[in-house]
Every structure is written in C-alpha cells, then in structure tokens.
Amino acid sequence: MRLVVPVSGSAPKTRLASVLSPAERRDFTEAMLSDVVDAVTAAGHEPEIISTAPLDCAVPVTVDDRGLDALVNDLLTSTVADGEQALAVVMADLPLVTRESIECLLAPEADVVLAPGLGGGTNAFVCRHSEFRVDYHGASIRDHRAAARDVGASVTEVDSRRLATDIDEPDDLAEVLLHSDGAAADWLKQSGFELKTADGRVDVERPR
C-alpha cells in the first residue's frame, strides 16, 4: 500500500495566526508532521511526504505546489487507476494519531475507507477503487461518501477520535496537550502553552 501525507508547507495553519507567528506556525506544522510520520512508521509503513514548500522532516519531502484536490486525484490516477496498489492519504495535522489508529484505518478491506474529521472534513482515507476521486471543499466527508457510492465502491468509515482530531483553530490546541505526548505537545509546552480550566471547560493559555 502506498501511504502519502500531504502538507501545506507554504504559510501553514493561518487560522492559528491569533496565537502563533508565521515562523511558529511552520515549526508547529513540522512537529505535527513528525507525530504523523512516527505513527505511520510504527505501523510498519513508509510515508511519502508531499509538501507545497520545503519542510524539515525525518523522511524525504517531495515539493509539489499544486492544490490538495489536484495532487490527491493525480495520485489516485497514477496509483489506483493504473492497478498498481491501494492508496492511503493521511493528513499532516493529526498529532493525536497513533500506531493503533493507523492500523485501524488500514485494516478494512472496503474499496474506500474514510476517516471523518470532527468538523466535517476527511482526515484520512484508503482507496482501492479505480474511479474514486476526492473533493476536499466544504463538508468533504459527506461528498466523499456520495462519490464512493456514485462509482459503485463499497464504503466503510473508521470511528477514531485520534484520526478525527485535526488541529486548525486555537481551541484545538487543548486537545494536543490533553491527549498527546508527542512532538506537537512538546513544542506547545516549550513555547509556553499550558492548560487552563474555566467555567467547566478546558482551554489553553500562553502566559507572558
């Protein structure tokens, strides 16, 4: 199975701009990517990292500045449609991911295996069907269910909080400190972030 991790390496994580500088967002992106690479490697697979700009990573990075849809659909054409092998795509902003959650994603034998994100996105998938294509705009998990059905593919979904939790907004940072002990959590702690509890909710703060 070919396993690809796409990364937005140019101006990453703009929705974290209120709490992280551009350089910090890049460093945090690299830390999250490190967690994903570690989990995939621990599960016995060699991830291919494809980034829109050069990044510091423990494994080789291929630079490709195309948008996500164009990139992934080309990978589907070159990998699955040509009958070479199955393709798995795992997003780079999943720092809660573990070996077990990667194994859970790869275990089903359906034509299309989807891992929904908490906000309606598609955080990972596996494809074995030559006609399935992606569209990551909007509520992509709903669209990908329909796209799989439209081409007659069998579909299953992976119910995994760790795969579902992508880090996009400042409120998401608490999930990293609560549920991970990897590179992203270490980076947040070293950068001065800590958990705080108020009104029954857990959030993060960065005391100056």
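Is glutamate 48 buried, partly exposed or exposed, and what is its relative accessibility? Glutamate 48 counts as partly exposed, at 31% relative accessibility (buried is under 20% relative accessible area, exposed over 50%, partly exposed in between; 1.4 Å probe, protein chains only). This is a predicted model, in which local features need pLDDT of at least 70 and side-chain atom pairs count only at pLDDT 80 or more, while totals for chains, interfaces and linings use all residues. Residues are numbered from 1 along each chain as its sequence is written, and side-chain values use heavy atoms, with hydrogens and water left out.

**View A. Salt bridge between glutamate 48 and arginine 2.** The two side chains meet at 2.8 Å, N to O (a salt bridge is a side-chain nitrogen of Lys or Arg within 4 Å of a carboxyl oxygen of Asp or Glu). Because glutamate 48 lies in strand β2 (residues 47-51) and arginine 2 in strand β1, the pair ties together parts 46 residues apart in sequence (strands are DSSP runs of E, at least two residues; helices are runs of H or I, at least four; both are numbered from the N terminus).

**View B. Salt bridge between arginine 15 and glutamate 169.** Their closest N and O atoms are 3.1 Å apart. Arginine 15 belongs to the loop between β1 and α1, and glutamate 169 to the loop between α5 and α6 (173-179), 154 residues apart. Arginine 15 is partly exposed at 48% relative accessibility, as is glutamate 169 at 32%.

**View C. Salt bridge between aspartate 64 and arginine 66.** The N to O distance is 2.8 Å. Aspartate 64 is buried at 18% relative accessible area, whereas arginine 66 is partly exposed at 33%.
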